[in-house]
Amino acid sequence: MGALSIRDVRKSYHGNEILKGINLEIEKGEFLILVGPSGCGKSTLLSMIAGLDSVTSGEIRIGDRVVNDLSPKDRDIAMVFQSYALYPNMTVRENISFGLQIRKVPAAEQARIVERVANTLQIGHLLDRRPSQLSGGQRQRVAMGRAISREPSLFLFDEPLSNLDAKLRVEMRTEIKLLHQRMGTSIVYVTHDQIEAMTLGDKIAVMKAGEVQQFGTPQEIYDNPANLFVAGFMGSPSMNFIPAKVEAVGGGYGVKLESGQRTHVFPVPAADGKLKAWEGREVLFGIRPEQITHKNASRAGLPQFQTAEMPIRLTEPTGPDTMVLVPINGKDVVCRVHPAHAGQPGESMELMFDLSKSVFFDPASEQRIA
Amino acid sequence: MADMSVAHTAGASKAGRFIIYGLLALVCLYYLMPLFVMLSTSLKSLDEIRAGNLLSLPGGFRTDAWVKAWDSACTGVQCEGLKGFFWNSVSFVVPAVVISTMIGAFNGYALTMYRFRGSDLVFGMLMIGCFIPFQVVLLPMAQTLGAMGIANSTVGLVFVHVVYGAAFTTLFFRNYYVTIPDELVKAAKIDGAGFLRIFFSIILPLSVPIIVVSVIWQFTQVWNDFLFGVVFSSGDRQPITVALNNLVNTSTGVKEYNVDMAAAIIAALPTLLVYIVAGKYFVRGLTAGAVKG
């Protein structure tokens, strides 16, 4: 029995369907990320898991209990909110022990738990302060402390890092991951940040318009996106989508790319079978920036690599890599090149395409072809 | 804003300040004049009042008018001053203020944090209560009090003021509570707190500024009320506002302006005191939510 299982869960408000049949399941100790643009229903789903929103139809199980009609306090969960939602009138100590107090945990036990939590999160020196006297990062820690004090079987995080500045966000992200490793409690974590999703999750559910677009491990979702939306949403800079015609080449099939005055047809052996049906028609050819780099002689002969010389429109140095923009079939395509090999705008450079992970979409249905 | 526009040069800024403070001083003077006249008149003897003009200072510090107003001035047939009526007012104003504030806090909490089907409608109907003139409810209220068996009693008067005040206090608390993030209540629900526990442990401790606003407002309204007092009470149970009216209108020969003035100040003193003690919270409470604390 999994830690959390969501079966065909739907939610409607005034006849509007917000969630259209969600199915998800995680094992004990797994870190589930719900990610998607705002309005996709991820926070509503989290609220429903927490018991703060009712379920229109379907079933939510936590552990081996159906919790649809249980109140939040009986679900054995704890939640960290985006605004932290610390009780402003209570000290940090009181904030952490409030839930214990309500559950009638003996005072001595409460003190012991508060101390343990404070040690875990290094907030011992803050225990007698009020939330208004804490910095954003400290509030975040206290909010997590309040959640872990009760040792629930499931943690819910609602965009907990989005109120922090960029540097602190990265630090707290690492801390959450460490905390999860140490405690091994299952977590459901809502975010709109695909980097948070990739770095934290054991499983990711990419959502859009009330539906799960894809559910899988971060690597699966990154390498094998189910559709155009997932492919574009995950990864930064995002995947290039190049409208390209499928043509027969060298006994197989490939995509026709035009750049500058030159035309190239890249054979894609891995997708041969599936591209056959699209011969002569246009598909969306998806390739991530890191799969287009400077020419590397040692790989040049391998079948999944293709090289082509293309004019550079713009370069964007990021430090470790330089993003080079080249026009292909009328689209600006981002290539991730080592700074030492990047050319200058106006020049052209030889680029090497790794086609082993390239993907293809139907431009009309936006579904994956190959 | 005025500050910024005149701050171009040091000279202009100085002149601007001079004008601003001059105007403020004039306005203060204008508003303080009646109080000054009341105070100085209450300290004068009747001879001084007849001889001097309205603005002249009293010859000495005489408190006989105050003593008389408190202790022995006639309010109709009996001549025992305002003291009894003062405590009458205290005895119904305090419970009326406390109860209506509590109801307002509770209503506001239920209407914002526990939105139910039709909660906006309920709130809308409550708001209509703010716009109903006192006179309109006199007759139905008299019937209701009669039916409840609390006509002509302190309890009845408290009831009337609670009913009338609840609309305003609900409005205050509701508008304050919409600025408190829902997530606070959600967090408490997950922590296991119930409806009442959340109210008493979390929401009420955050409500101090708006409680002060509500108390000041209700205290001023109820203490200063004349109409309900004169209609729904009688004899020696009347509030001080009614007694003051009787005192001023009871003439036995000479009109004692000094006693009238002293009596009026006594009647106004409690509200004045409430403003002085809690006034800064009043402004703070009314603007709360504009700046998130």
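Guide: Let's start with a pair of helices: H4(A) passes H5(A) in a right-handed crossing. Keep in mind that this is a predicted model.

Visitor: How are two packed helices described, and what are the angle and the axis distance for H4(A) and H5(A)?

Guide: The general idea is that two packed helices are described by the angle between their axes and the distance between the axes. Here, H4(A) packs on H5(A) with an angle of about 20° and with the axes 11 Å apart. Angles under 35 degrees count as roughly parallel, so H4(A) runs roughly parallel to H5(A).

Visitor: Which residues of H4(A) and H5(A) meet?

Guide: On the H4(A) side, look for Gly136(A), Gly137(A), Gln140(A) and Ile148(A). Their counterparts in H5(A) are Leu168(A), Met172(A) and Met183(A).

Visitor: What span should helix H4 of chain A have, and how far apart are its end C-alpha atoms?

Guide: Helix H4 of chain A covers residues 136–148, and at 1.5 Å a residue its 13 residues should span 18 Å. Its end C-alpha atoms lie 19 Å apart, which agrees.

Visitor: How many residues of H4(A) are buried?

Guide: H4(A) is mostly covered, with 10 of its 13 residues buried. Among them are Arg139(A), Arg141(A), Val142(A) and Met144(A).

Visitor: What do the buried residues of H4(A) pack against?

Guide: In chain A, they pack against helices H2 (92–102), H3 (107–121) and H5 (166–183), and also against strands S6 (77–80) and S7 (154–158).

Visitor: Let's turn to the sheet. In what order do the four strands of the open sheet in chain A come?

Guide: The order is S2-S1-S4-S5 in chain A, and the pairing is antiparallel. Strands S2 (16–26) and S5 (65–66) of chain A stand at the edges with a single partner strand each, so one side of each has no neighbour in the sheet.

Visitor: Over how many bridges do S1 and S2(A) pair?

Guide: Strand S1 of chain A, residues 4–13, pairs with S2(A) over eight bridges in the antiparallel sense.

Visitor: Which strands does helix H1 of chain A touch?

Guide: Helix H1 (residues 42–50) of chain A packs on the sheet and touches S1, S2 and strand S4 (57–62) of chain A. The direction of H1 makes about 65° with that of S2(A).

Visitor: And how many residues does each chain bring to the contact between chain A and chain B?

Guide: Chain B brings 14 residues and chain A brings 17 residues. On the side of chain B that touches chain A, helix H9 (182–190) and helix H10 (195–203) each supply at least two residues. The largest share of that side, six residues, comes from H9(B).

Terms used
Residues are numbered from 1 along each chain as its sequence is written. Chains are lettered from A and ligands numbered from 1 in the order in which they are written. This is a predicted model: local features need pLDDT of at least 70, side-chain atom pairs count only at pLDDT 80 or more; totals for chains, interfaces and linings use all residues. The expected span of a helix is 1.5 Å times one less than its number of residues. A residue is buried if 20 or more other C-beta atoms lie within 10 Å of its own, exposed if 12 or fewer, and partly exposed in between; C-beta atoms are placed from the backbone. Two residues are in contact if their C-beta atoms, placed from the backbone, lie within 7 Å. Two strands pair if DSSP finds at least two bridges between them. Axes are lines fitted to C-alpha atoms, for helices over the stretch in contact, and angles run from 0 to 180 degrees between N-to-C directions. Angles under 35 degrees count as roughly parallel, over 145 as roughly antiparallel, 65 to 115 as roughly perpendicular and the rest as oblique. A crossing is left-handed if the near helix is turned anticlockwise from the far one by less than a right angle, and right-handed if clockwise.
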